[in-house]
Amino acid sequence: MTRYVALLRAVNLGSHKKIAMPDLRELCASLGHSDVRTYLQSGNLVFSTTEPAAEKVAHDLEEALATRLGLTTEVILRTTDQMRAVIDGCPIEVNDPTKVSVLFLRDTPAPGWLDGLDTASFTPEQMWAAGLDIYFHLPNGTGRAKLPPAVGRRLKTPATMRNWRTVTNLA
C-alpha cells in the first residue's frame, strides 16, 4: 500500500471549480482507494492505494473528476514520504507558517526555465527550487505576492501551491 497526498489544482477558489469534500472523498473511495481523508476545502486529499503507478492514480482521479463531477483540473501527487522530505528539505526556518508556501510541480521544469528571471527584483520575497518543489518565503503574505505568479508563468507543467501549515498537516 502506498499513502498519497493528492493536491487538486485551483479548486474552490471563490466560485471557481467548486467541489464538496464529501463528494471528493466518495469519488476517491469509488476508485478503490482506502482510508480517504480530505483537509480543508481546497482540494487536499490523503488516501492509500495498492496501485503502484502514481501516473495512473493521478490520471484516474482527473478522469473521474471530469466525467462524474464535471470538474476539469490537474491532480498533483506526492507520497507521504515525499511530503516529509519537503518538510525536511525546507531551506529556511519557518517562524510564521502563513508566510512560507510550497509550489508542487507535476513534472520537472525544462532546463533554463529560470533564465532571465531576476528574483532579487521581488525582494523581500524569496524562492528556492528543489526538484519538483519550489519553496517561497512571502513576508507580505500570499495574496499580494508577485514572485509565485512570475514563476508560474515560466513553468510548462501544472503546479499548485500550499502554505506551510497545510504542507505540514498533510504530511
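Two strands are taken to pair if DSSP finds at least two bridges between them. On this basis the predicted model contains an open sheet of four strands in the order 2-3-1-4, with antiparallel pairing. From one strand to the next, the twist averages 25°. Strand 1 and strand 3, which run antiparallel, are joined by six bridges, and leucine 7 has asparagine 44, in strand 3, as its bridge partner.

Two helices are placed against these strands. Helix 1 lies across strand 1, strand 2 and strand 3 and runs at about 155° to strand 2, whereas helix 2 packs on the sheet through strand 1, strand 3 and strand 4, its direction making about 145° with that of strand 4.

The largest nonpolar core comprises 19 residues, and those with the most contacts inside it are Leu45, Phe47, Leu61, Leu65, Val75 and Leu77. At least two residues of this core are supplied by each of strand 1 (2-8), helix 1 (21-30), strand 3 (44-49), helix 2 (54-69) and strand 4 (75-79), with helix 2 giving the most, namely five residues. When neighbours within four places in sequence are left aside, phenylalanine 47 is in contact with Thr2, Arg3, Tyr4, Ala6, Cys28, His33, Ser34, Asp35, Val36, Val57, Leu61 and Leu77.

Key: Residues are numbered from 1 along each chain as its sequence is written. This is a predicted model: local features need pLDDT of at least 70, side-chain atom pairs count only at pLDDT 80 or more; totals for chains, interfaces and linings use all residues. Side-chain values use heavy atoms; hydrogens and water are left out. A nonpolar core is a set of buried Ala, Val, Leu, Ile, Met, Phe, Trp, Tyr and Cys residues joined through side-chain atoms within 4.5 Å. Buried means under 20% relative accessible area, exposed over 50%, partly exposed in between (1.4 Å probe, protein chains only). Contact means heavy atoms within 4.5 Å. Axes are lines fitted to C-alpha atoms, for helices over the stretch in contact, and angles run from 0 to 180 degrees between N-to-C directions.
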